[in-house]
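Thanks for coming. I will take one model today and go through its fold, its cores and a few single residues.

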Amino acid sequence: MGLLEAIFLGIIQGVAEFLPISSSGHLAIFEKIFHMDEAGFSFDVFLHMGTLVAVFAVYWKDILRLIVDGIGIIIDASVNALSFLKSLRTKEAPVYRRVIKNAYRKFALLIIVSTIPTAIIGYLGKELMDKASDTLIVPGICLMITAILLFMSDQIPDGDKTPKKTSYFNAVFIGVCQGIATLPGISRSGTTITSGLLCGLRRDFAVKYSFIMSIPAIIGAMMLEIPDMGRDIALTSASCYVAGAVVSAIVGYICIRTMLVVVRNKKFKYFAYYCAVVGLIAVIASFFVS
């Protein structure tokens, strides 16, 4: 894989990660058609790292607050645990701190809850996901499933849930959907935004939730790939990895801004048409491309 190919895949990643058309599906299709399979799954993770930078660039204020309040949750929960242990020794009634005391703490805990099922599905299904990317028919079928989800999302009535009203069951459901979306062709953003809308989340909050919850998922995928990264980079070059990540970050930033408008105006159907067509082409091509 050369530098131009890496830049091209970086553009595909930046566009497809945040527009609801599945970055993993498009990467699998283009890598297969143009015989760029030697890049390895580690290259895909590097591209996701670039889009991670884009998320931080757009939502850095929210992310900073979530980090601060997340640390606050850990501190207060630890103090409460110590108070409980002390009460067992002294027989005195423990005094507990209120752990979830503002919207950002609730949001941080919701993200943590969503990440748990995503991590379990991602870890158990890692080998399956790798094999699914080696063929065109799986991404093709999954893209057509994505098209159905996107058609659904435009028909869902507007919700009013913010972090305060969102339940932990909602968080688990969204996390499971994100785990399933690791299949190439199932759009992560499209799936998680649609699942959020089904749970009654306000449309702008569903977008924010979707993009911010991608952070631990991407970091987790990177950690799983660390043992293989050295080998994969040796097969190409470090410059290709860096170029792809930088391009995906820049393009991803632009596409996040675009998605905020798309979801608000209920324009997912146009992406649904696109996914249906590309998915059908991929399925047909699977019989001709080895």
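What pattern does the protein chain follow, read along the sequence? The answer is α-α-α-α-α-α-α-α-α-α-α-α. That is 12 helices and zero strands, where helices (H or I, at least four residues) and strands (E, at least two) are DSSP runs, numbered from the N terminus.

Before going on, the conventions. This is a predicted model, so local features need pLDDT of at least 70 and side-chain atom pairs count only at pLDDT 80 or more, while totals for chains, interfaces and linings use all residues. Residues are numbered from 1 along each chain as its sequence is written, and side-chain values use heavy atoms, with hydrogens and water left out.

Of the 290 residues in the protein chain, 51% are buried; buried means under 20% relative accessible area, exposed over 50%, and partly exposed in between, with a 1.4 Å probe and protein chains only. Take contacts, meaning heavy atoms within 4.5 Å, between residues at least 6 apart in sequence: 82% of them join residues at least 24 apart.

Now the cores. A nonpolar core is a set of buried Ala, Val, Leu, Ile, Met, Phe, Trp, Tyr and Cys residues joined through side-chain atoms within 4.5 Å. The largest one has 55 residues, and Tyr59 and Tyr209 have the most contacts inside it. Helix 3 gives the largest share of this core, nine residues. Another core, of 10 residues, lies apart from it and includes Leu9, Phe43, Tyr241 and Ala245. Leaving out residues up to four places away in sequence, Tyr209 touches Phe107, Leu110, Ile111, Ser114, Ala171, Ile174 and Leu201.

Next, helix 12. Which residues are buried in helix 12? They are Phe268, Phe271, Ala272, Cys275, Val278, Gly279, Ala282, Val283 and Ala285. These cover an arc of only 160° around the axis, so they sit on the same side of helix 12; the arc is that of the directions from the helix axis to the C-beta atoms. Cys275 has a relative accessible area of 0%.

On cysteines, the whole structure has zero disulfides, a disulfide being a pair of cysteine sulfur atoms within 2.5 Å. For Cys199, the nearest cysteine sulfur is that of Cys177, 7.6 Å away. Cys199 counts as buried, at 11% relative accessibility.

Last, a backbone item. Lys91 is not a glycine, yet has a positive phi of about 65°. Most residues other than glycine have a negative phi. Lys91 is in the loop between helix 3 (40-90) and helix 4 (103-124), and is exposed at 72% relative accessibility.
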